[in-house]
Amino acid sequence: MENLHYGLTDIEFNLMRYFWNSDHHVPFHEIMEYTVKENYGWAQTTLHTYLTKLIKKGCLQSERKGYKRIYFPKLTEAQLAHRYAQSFVDHAFRGSITDFMVSFTSETPLSPNEVQELKDILDKNVK
């Protein structure tokens, strides 16, 4: 069973890391070279399938450059983490951050530093 990283499988997350670490929009052939180097053993159709999944999940974008297609992240890792956390709170706690915090901290002893950190975050985010 694969681990999930912000709702992505291990392989999807590894591909996104590749895009996040890239300093340019990446053409398909470079992504294919990466998968060969990482010993994924994929055919081009398999890579196309994963890229399409990442586009459908809203993590990746692509555009045509001449006859070629280039790929680049639609979200940063921090944006993906936030989207995943927000979705979790929405589904598990009916969108209530308070209910989430109570559930998360009720049986977990917090150090004075952790309590202060949480207070600082809450103070910074008061509307």
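1. N39 sits in the loop between helix 2 and helix 3; helices (H or I, at least four residues) and strands (E, at least two) are DSSP runs, numbered from the N terminus. Although N39 is not a glycine, its phi is positive, about 60 degrees. With a relative accessible area of 67%, N39 is exposed (over 50%; buried is under 20% and partly exposed in between, with a 1.4 Å probe and protein chains only).

2. A word on the basis of these notes: this is a predicted model, in which local features need pLDDT of at least 70 and side-chain atom pairs count only at pLDDT 80 or more, while totals for chains, interfaces and linings use all residues. Residues are numbered from 1 along each chain as its sequence is written, and side-chain values use heavy atoms, with hydrogens and water left out.

3. Please look at Y6 as well, in the loop between strand 1 (4-5) and strand 2 (8-9). Y6 is not a glycine, yet has a positive phi of about 55 degrees. Y6 counts as partly exposed because its relative accessibility is 30%.

4. T35 belongs to helix 2 (residues 28-37) and counts as buried, because its relative accessibility is 1%. The T35 side chain reaches the backbone oxygen of M32 at 2.7 Å. Leaving aside residues up to four places away in sequence, T35 touches L15, Y40, G41, W42 and L47 (contact means heavy atoms within 4.5 Å).

5. Beyond four places in sequence, E12 touches G7, Y50, K53, L54 and K57.

6. The largest nonpolar core has 22 residues, of which L15, M16, F19, I31, L47 and L51 touch the most other members. Helix 1 (10-21), helix 2 and helix 3 (44-56) each supply at least two residues of this core, and the largest share, 6 residues, comes from helix 1. Such a core is a set of buried Ala, Val, Leu, Ile, Met, Phe, Trp, Tyr and Cys residues joined through side-chain atoms within 4.5 Å. M16 also touches L8, L54, C59, L60, P73 and L75, not counting residues up to four places away in sequence.

7. The largest pocket holds about 250 Å³ of space and is lined by I97, M101, L118, I121, L122, N125 and V126. A pocket here is an open set of points on a 1 Å grid over the protein atoms alone where a 1.4 Å probe fits, with protein on both sides within 12 Å along at least five of seven lines; lining residues have an atom within 4 Å of a point. Helix 6 gives the most to this lining, with 3 residues. By class, the lining has 6 nonpolar, 1 polar and no charged residues.

8. The second largest pocket, with about 160 Å³ of space, is lined by H82, A85, Q86, F88, V89, I97 and F100. Helix 4 gives the most to this lining, with 5 residues.

Technical notes: A polar contact is a pair of N or O atoms within 3.5 Å; within protein, one must be able to donate a hydrogen and the other to accept it, and residues adjacent in sequence count only if both atoms are side-chain atoms. Grid points are joined across faces, edges and corners, and a volume is the space filled by probe spheres set on the points. Ala, Val, Leu, Ile, Met, Phe, Trp, Tyr, Cys and Pro count as nonpolar, Asp, Glu, Lys and Arg as charged, and the others, Gly among them, as polar.
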